[in-house]
Amino acid sequence: MNQTKQLRKMIAPFERNDRSASVRQLLNTIPPFILLWIAAYASLQVSYALTLLLSALAAGFLIRSFIIFHDCCHGSFFRSRKANDALGTLLGILTLFPYEQWKHSHNIHHAGSGNLERRGTGDMWLLTVKEYKEASTWTKLRYRIYRNPFVLFVIGPIALILITYRFNEKGARLKERRNTWLTNAGIAALYALLIWAIGWQSFLLVQLPVFWISGAAGIWLFYVQHQFEDSYFEHEEEWDYVKAAVEGSSFYKLPAWLQWLTGNIGYHHVHHLSPRVPNYHLQQAHEAAPPLEHATTITLRTSLKSLRFNLWDDERRQFVTFREGIRRAAELPLRSTGRPA
C-alpha cells in the first residue's frame, strides 16, 4: 500500500462530522463572542484598558467562529450542504468574509498548495530566488513592501478583509457574486443596527480592536503554517499532494487554551491532507496516524523565525531571507524558471 492510501485509510474514520459536536461548538463559540462584545461595550464606562482586554477575548472567539466558517467551506461541519452553506454565509457576515468567494479561492489553494506553477490564488505572494533576481525594480519594491511585517499584519487586515473581500474578481460565477452582495448587505445592516443602538464612537472603540486583533492573528496563522524554513514547494512535474500536505503545512503546537480558541487549526498538516476532517477531529486524526509525527513542528517561539523568510530557494528547497536570497541570486545565471514574477 503506497503512502497516500495508507494515510487516507488512517484518517478516514475522522472525516465524519458529528452533529452533536458541531452544535456544541456553535454554542461554546457564538454566544461567548456576543457576550464578550456586549461586556466590552459596557466596560467603556469603567476603563478602556478593560475594554481592550475584553475585545481581545472577543477577537479570540471570532477566530474560533472563522474556523467553523472554514469547515463549512469544506463541507465538513454539517452533513447537509445546505446547512453548511447557510451557516457559512451567516458566519461570513460576522467575520467579514464572503462565503462563496472565499470557499472558491481557498479550494484552489488546497488543490495546488506547494505547487510553484499554481501560485496566485488563495495564498501568500511568493517569489523564488531566481524570480526575484529577474524581476523588475518595481516588482522587487512591491514584493518587499508586501513582505514587510507591518504591511502583512497591521495594514493587511484592513486591505484584505475590509477592501479586497468586498468585491468579486472578474469572471466570478453569479452565485459567488450574489453571495458577496448578500454578505456586504448583511454587514452594512448589522453595523448600522449597532451604530444606531450604541453610537458610532462606542461601536468603533469596541469593534476596531476586535476586528484588527482577529484579522492580524488570522493572517499570522495562515502565514506561519506554510512559511517555515524547510517547507515544501515543487514544480508541477515533481509536485506531490501528500508531501505538500505533510511537509508543506506545519504542526503549530500551541498551548491548550490557544489550540482550543483557534479550533485546532495548528494541525494544519492533517487539514491539508484531508479537508473533510472537521476541526474537532483534527487532533485525533493526527494521533491516529504515526507517519504524521514527521510533520514539521513549530511552537510560538520558533514560529517567530518565519518573519525572516521571504524568498524560496528553488535549488536548496528552503526559505531564505532577502539578504541570503540576493547573495545566492548573484551566483545564478540569468535564466527564468517556474512562474514569472
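Author: The following account takes the cavities in turn, then a pocket, and then the helices and spans connected with them. The model is predicted.

The structure contains three cavities of 30 Å³ or more. The largest cavity holds about 160 Å³ of space. Its lining is made up of 17 residues, and those nearest the centre are G114, D123, H226, Q227 and F233. By class, the lining of the largest cavity comprises six nonpolar, nine polar and two charged residues.

The second largest cavity has about 40 Å³ of space. The residues that line this second cavity are F251, Y252, K253, L254, Q259, N264, I265, G266 and Y267. Five of these lining residues are nonpolar, three are polar and one is charged.

At least two lining residues come from each of α4 (48-73), α11 (200-224) and α13 (256-261). The lining of the second largest pocket divides into 17 nonpolar and two polar residues, with no charged residue.

A database record may be set beside this description. In an unreviewed entry, UniProt lists residues 48-70, 150-168, 180-198 and 204-224 under "transmembrane region". In the model, the span 204-224 is 100% helix and 0% strand, and its end C-alpha atoms are 29 Å apart. For residues 150-168, the figures are 74% helix and 0% strand, with 26 Å between the end C-alpha atoms.

Helix α5 (residues 81-95) packs with α6 at an angle of about 110°, and their axes lie 9 Å apart. Because angles of 65 to 115 degrees count as roughly perpendicular, α5 is roughly perpendicular to α6. On the α5 side, the residues that meet α6 are N84, D85, G88 and T89. Their partners in α6 are Y99, E100 and K103. Taken by class, this contact has one nonpolar, three polar and three charged residues.

Terms used
Residues numbered from 1 in each chain as written. Predicted model: local features only at pLDDT ≥ 70, side-chain atom pairs only at ≥ 80, totals over all residues. Heavy atoms only, no water. 1 Å grid on protein atoms, 1.4 Å probe; cavity = no way out; pocket = protein on both sides within 12 Å on 5 of 7 lines; lining within 4 Å. Points joined across faces, edges and corners; volume = space filled by probe spheres on them. Nonpolar A, V, L, I, M, F, W, Y, C, P; charged D, E, K, R; others polar. Helix = DSSP H or I, 4+ residues; strand = E, 2+ residues; numbered from the N terminus. UniProt positions renumbered as here; feature names shortened; annotations may be inferred. Axes fitted to C-alpha atoms, helices over the stretch in contact; angles between N-to-C directions. Parallel < 35°, antiparallel > 145°, perpendicular 65-115°, else oblique. Contact = heavy atoms within 4.5 Å.
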